[in-house]
Amino acid sequence: MDLDPAPTVLPAVPQPTRGLDDLYDIGRLADRLGVEHATIRVWLSRKVPWLPPPDGRLNGGAVWRATTLEGIEQRRTPGRPGPKRHITEPTA
């Protein structure tokens with residue numbers, strides 16, 4: 001009686017480490033840039049040119065891939081992202 005040989009077990013192929021560690025939500029991005037969460041939301045609503053649009057949404061919130069945000073610290077312009085308000089001096 002011939003028995004089938006034992007099945008060959010292949011070694012596990014390492015998968016690239018991606019997944020949730022590859023995603024940045026508003027909180028994680030704010031921590032990375034050293035700003036408040038609300039600041040990121042304001043920048044998104046104003047569509048500041050150096051902040052890329054989110055790659056998607058997760059549970060209703062914006063998320064970016066890590067590759068999308070590469071170099072974000074260098075692209076970020078210092079100060080307020082919007083146009084400067086024109087302040088007039090009150091006349092005496």
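Guide: Asp55 is partly exposed, with a relative accessible area of 34%; buried means under 20%, exposed over 50% and partly exposed in between, with a 1.4 Å probe and protein chains only. The model is predicted: local features need pLDDT of at least 70 and side-chain atom pairs count only at pLDDT 80 or more, while totals for chains, interfaces and linings use all residues. Residues are numbered from 1 along each chain as its sequence is written, and side-chain values use heavy atoms, with hydrogens and water left out.

Asp55 forms a salt bridge with Arg65, the closest N and O atoms being 3.9 Å apart; the term requires a side-chain nitrogen of Lys or Arg within 4 Å of a carboxyl oxygen of Asp or Glu. Arg65, at 40% relative accessibility, is partly exposed. The pair links distant parts of the chain, 10 residues apart: Asp55 sits in the loop between α2 and β2 (56-58), and Arg65 in strand β3. Helices (H or I, at least four residues) and strands (E, at least two) are DSSP runs numbered from the N terminus.

Arg65 is also touched by Asp22, which has contacts with Trp64, Ala66 and Thr67 as well, leaving aside residues up to four places away in sequence; contact means heavy atoms within 4.5 Å. Asp22 lies in the segment before β1 (23-25) and is buried, at a relative accessible area of 14%.

The structure holds two salt bridges. Besides the pair of Asp55 and Arg65, there is one between the side chains of Arg32 and Glu73, at 2.6 Å from N to O. Arg32 belongs to helix α1 and Glu73 to helix α3 (residues 72-75), so this pair ties together parts that are 41 residues apart in sequence. Arg32 is partly exposed at 28%, and Glu73 is partly exposed at 36%.

Glu73 is also among the contacts of Leu33, which touches Ile40, Trp43, Trp50, Ile72 and Arg76 too, again not counting residues up to four places away in sequence. Leu33 is one of the residues with the most contacts inside the largest nonpolar core, a set of 15 residues; Leu29, Ile40, Trp43, Trp50, Leu51 and Trp64 are the others named. Such a core is a set of buried Ala, Val, Leu, Ile, Met, Phe, Trp, Tyr and Cys residues joined through side-chain atoms within 4.5 Å. α1 (26-33), α2 (37-46) and β3 (61-65) each supply at least two residues of this core, and α1 gives the most, with four.
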